[in-house]
Amino acid sequence: MKSVTSGGKATVGRLFFLDLSGGRVLSLNPDGSDRKVIVTDCRLPDGIVIDVDAGHIYWTDMGVPNLNDGTIERADIDGQNRKMIVHEGGTFTPKQLHLDKKNGKLYWSDREGMRVMRSNLDGSNIETLIETSQGDARPGRDATKWCVGITVDAERGHMYWTQKGPDDAGQGRIFRANTEIPKGQSAAERSDIEVLFDGLPEPIDLELDLNNRMMYWTDRGDPPLGNTVNRAPMDAGPNKRPAPEILLTHLMEGIGIALDLKGDRMFLTDLGGSIYSAKLDGSDKKVLLFAQGNLSGIAYAELPAKFA
């Protein structure tokens, strides 16, 4: 399944996904064929991103939340040269991961750490950008303060994240803030945080369609609003913000989402072990794989043909 870039070089679309229960990084073609195991012996992998230019895969390992032993790892796209870049003690429970290639940063949400964090691509210069604990000790017990999903609009200098709330409680929220802490303020006391949506069942992973200014997210809460894929405008004001549009239903605890904007399609994972594809409007839903363990993060990349 090849396409041609503007530079005339052949590329191949490829999906990368994480098996939480099996501790593996895997890949496959966007039609579900050619499944490959790339990395094994991961410690509860959750979020994944691909740096195509550098030929790297990054993923988060949640570890055991009360031990403060979460990590972030990197490997070549073929799984070679595996390296831990954020070590134990650097983050509690890292969840979704986002690559800001423009500024050379990795962003992630730290669930029991009750934080949004970032580092350089080599794991150095770890920063806390959002601190939701309100003085609670880590690991946090209040799930309304748990940060889970994360994505970034690097051009406008905004980050978006989810705080999922307790299971199926209808207390999930989606937030936006600047990627830089306002001068004279702190990660715990910032004046630029906006609540874009609240009262959601259990929002998890986030992705952005910047050209059309739309955000997409998975929700693993109870039906009818949960176990869904949703989208909503990124920029509507508080009094003009429409209710989220539900695009897909009947996921088995939806987790990962990846957008192929050029191909007008999205890819989803759920804890039930399935990978789905659909058009961006939710039509043409297909099951690519099923019974694959407990699946978490997913990423789509267009790779040079040599990596196929």
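**Close-up views of a sheet and its aromatic neighbours**

**View 1. Four strands make an open sheet in the order β9-β10-β11-β12, with antiparallel pairing.** The model shown here and in the other views is predicted. At the edges of the sheet are β9 (94-100) and β12 (127-131), each of which pairs on one side only. From one strand to the next, the twist averages 20°.

**View 2. Here we look at how β9 meets strand β10 (residues 105-110).** The two strands run antiparallel and are joined by five bridges.

**View 3. Trp161 and Phe175 form a stacked pair.** This is one of three aromatic pairs in the model. The ring centres of Trp161 and Phe175 are 5.2 Å apart and the planes meet at 10°, under the 30 degrees that counts as stacked. Trp161 belongs to strand β14 (residues 158-163) and Phe175 to strand β15 (residues 172-178), so the pair links distant parts of the chain, 14 residues apart. Trp161 and Phe175 are both buried.

**View 4. Phe267 and Tyr300 are stacked too.** Their planes lie at 15° and their ring centres 5.7 Å apart. Because Phe267 lies in strand β22 (residues 265-270) and Tyr300 in strand β25 (residues 295-304), the pair ties together parts that are 33 residues apart in sequence. Phe267 and Tyr300 are buried as well.

**View 5. Two arginines each place a charged end over an aromatic ring.** For Arg111 the ring is that of Trp146, with its centre 5.3 Å away. For Arg241 it is the ring of Phe197, with its centre 5.9 Å away.

How values were computed: Residues numbered from 1 in each chain as written. Predicted model: local features only at pLDDT ≥ 70, side-chain atom pairs only at ≥ 80, totals over all residues. Heavy atoms only, no water. Phe/Tyr/Trp six-rings, centres within 6.5 Å; stacked < 30°, edge-to-face > 60°. Buried < 20%, exposed > 50% of the residue type's maximum accessible area, 1.4 Å probe, protein only. Lys NZ or Arg CZ within 6 Å of the ring centre and 35° of its normal. Pairing = 2+ DSSP bridges. Axes fitted to C-alpha atoms, helices over the stretch in contact; angles between N-to-C directions.
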